[in-house]
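Subject: Structure handover

Hello,

Here is the structure for your files. My notes on what turned up follow below it.

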Amino acid sequence: MDFYFTPEEEEFRKELRAFLQEQLPSHVDSYGNLRGEDRWKCELQMRRKLADKGWLAMSWPKEYGGQGASFTKQVVYAEEMVYHDAPGRDSFGIGMLGPTLMIYGTEEQKRQYLGGIARGEVVWCQGYSEPGSGSDLASLQTRAVLDGDDYVINGQKIWTSGGHRADWMFLLARTDPEAPKHKGIS
């Protein structure tokens, strides 16, 4: 079995490396040395630049703003981004919410949210953690009760990483209180 990268994958690696060397801030040793608002500005700028190249959502299907990139191309991307300590990856929007909407979302939700995520225009955070349980989802207490066409949410979230900078939050809530603790969550 051959575990080498294809010439196309190696060419992508070279292109990505050159891009990162050109785009990363030269006034610091690495992005990791930036703090506060400088770090956040760099994060957003790089996210949009990656989106402009089609790389931010490269794993997504084309109809949702991605490239439908192969797993190996995604590995090359991840390796180079980590190696260069590069900002811009969007674990909440690209890695969590987007794929969930593609599978379970309505067509209206997909149209409303996926494009902005793929273009790096919208920042999402997650609302999982709760007082007394952290991110132990089996102990989730926040409830969502259907009221006509809407859900009424009652509960409390904490430790919302990035919540102070997010445009939107996706949260988990208990929609079936009779289900076993690890089920009935939406």
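Start with Trp55. Leaving aside neighbours within four places in sequence, Trp55 is in contact (heavy atoms within 4.5 Å) with Phe12, Glu15, Leu16, Phe19, Leu50, Gln67 and Tyr77.

Some ground rules. This is a predicted model, with local features needing pLDDT of at least 70 and side-chain atom pairs pLDDT 80 or more, while totals for chains, interfaces and linings use all residues. Residues are numbered from 1 along each chain as its sequence is written, and side-chain values use heavy atoms, without hydrogens or water.

**Core**

The largest nonpolar core has 34 residues. Such a core is a set of buried Ala, Val, Leu, Ile, Met, Phe, Trp, Tyr and Cys residues joined through side-chain atoms within 4.5 Å. Buried means under 20% relative accessible area, exposed over 50%, partly exposed in between (1.4 Å probe, protein chains only). Leu20, Leu50, Trp55, Trp60, Tyr77 and Trp124 have the most contacts inside this core. Helices H1 (7–23), H2 (36–53), H3 (71–83), H4 (93–104) and H5 (107–118) each give two or more residues to it. Helices (H or I, at least four residues) and strands (E, at least two) are DSSP runs, numbered from the N terminus.

**Aromatic pairs**

There are seven aromatic pairs in the structure. Rings of Phe, Tyr and Trp (its six-membered ring) pair if their centres lie within 6.5 Å; planes under 30 degrees apart are stacked, over 60 edge-to-face, the rest tilted. Tyr113 and Trp124 pair edge-to-face, at 5.4 Å centre to centre and 80° between the planes. Tyr113 is in H5 and Trp124 in strand S1 (residues 124–127), 11 residues apart. Tyr113 counts as buried at 17% relative accessibility, and Trp124 is buried at 7%.

Tyr128 and Phe170 are also edge-to-face: 6.0 Å centre to centre, 80° between the planes. Tyr128 lies in the loop between S1 and strand S2 (143–147), and Phe170 in strand S4 (residues 168–171), 42 residues apart. Ring pairs link Tyr113, Trp124, Tyr128, Trp168 and Phe170 into a cluster.

**Charges over rings**

Here NZ of Lys or CZ of Arg must be within 6 Å of the ring centre and within 35 degrees of the ring normal. The charged end of Arg13 sits over the ring of Phe5, 4.7 Å from its centre. Lys73 lies over the face of Phe12, at 4.7 Å from the ring centre.

Best regards
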